[in-house]
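Please look over the notes below with the structure open.

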Amino acid sequence: MIPNDPILTTDPWDAVCTALSTQLMSLVPTLKYAAQGWPDPKWFEDTGINFPSVFFTKVSEKATNTTSRNIIYASNSNAVYFETKKMKYLLQISLFTTDPQQRLDIGWAIKQFLINQIQLQINAVDTARFNFTGNDRMPEGRDNFYQRNIDFEVTARVLDGQTAYKVTTLNPTTQTS
């Protein structure tokens with residue numbers, strides 16, 4: 001393992017949530033927050049400040065062994081990365097709004113983006129893969145909150161790596177006949 005390598009020291013789930021948060025905030029400028037985890041009940045006290053918001057919840061997780069350590073997954077100028085496992089997560093994206101039309105519009109934009117995008121860059125060498133598994137619109141809840149849950153199976157890799165140095169010069173060999 002390469003010491004202090006951000007690619008190798010970041011949990012794949014955290015990398016997925018960070019990349020997804022950045023993408024969705026860019027995709028839907030009206031979103032106030034896109035965060036990992038379920039919101040604290042206090043989140044719902046001041047509706048004007050916190051909504052619309054999206055939360056990412058890991059419903060389940062399983063690891064699948066995939067490759068031999070001899071197979072190189074990716075490389076850059078100073079490292080070679082090996083895939084050791086694939087992690088599969090059941091991701092629930094929960095959208096909360098105070099307006100039913102926002103729930104429809106934002107929910108559809110998120111769903112369409114991830115169905116069409118399929119793969120999302122999560123760090124310098126890896127991508128996460130998204131497969132749509134379902135969604136539902138919750139009935140109107142307390143205090144006129146509107147919720148929509150969109151579920152995806154997400155696959156990300158667990159990587160290991162070694163330091164590698166780029167060859168800049170070749171030493172000629174002499175041949176004798």
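1. Phe96 is buried in this predicted model, with a relative accessibility of 4%. Buried here means under 20% relative accessible area, exposed over 50%, and partly exposed in between, with a 1.4 Å probe and protein chains only.

2. Phe55 and Phe96 make an edge-to-face aromatic pair, with 6.0 Å from centre to centre and 65° between the planes. Rings of Phe, Tyr and Trp (its six-membered ring) pair if their centres lie within 6.5 Å; planes under 30 degrees apart are stacked, over 60 edge-to-face, and the rest tilted.

3. The partners come from distant parts of the chain: Phe55 sits in strand β2 (residues 53–65) and Phe96 in strand β4, 41 residues apart. Strands are DSSP runs of E with at least two residues, and helices runs of H or I with at least four, numbered from the N terminus. Phe55 is buried as well, at 4% relative accessible area.

4. The structure holds 11 aromatic pairs. In one of them, the ring centres of Phe44 and Phe96 are 5.2 Å apart and the planes lie at 75°, so this pair is edge-to-face. Phe44 is in the loop between β1 (33–36) and α3 (47–50), 52 residues from Phe96. Phe44 is buried, at 13% relative accessible area.

5. Ring pairs join a cluster that includes Tyr33, Trp38, Trp43 and Phe145.

6. Residues are numbered from 1 along each chain as its sequence is written. Local features need pLDDT of at least 70 and side-chain atom pairs 80 or more, while totals for chains, interfaces and linings use all residues; side-chain values use heavy atoms, without hydrogens and water.
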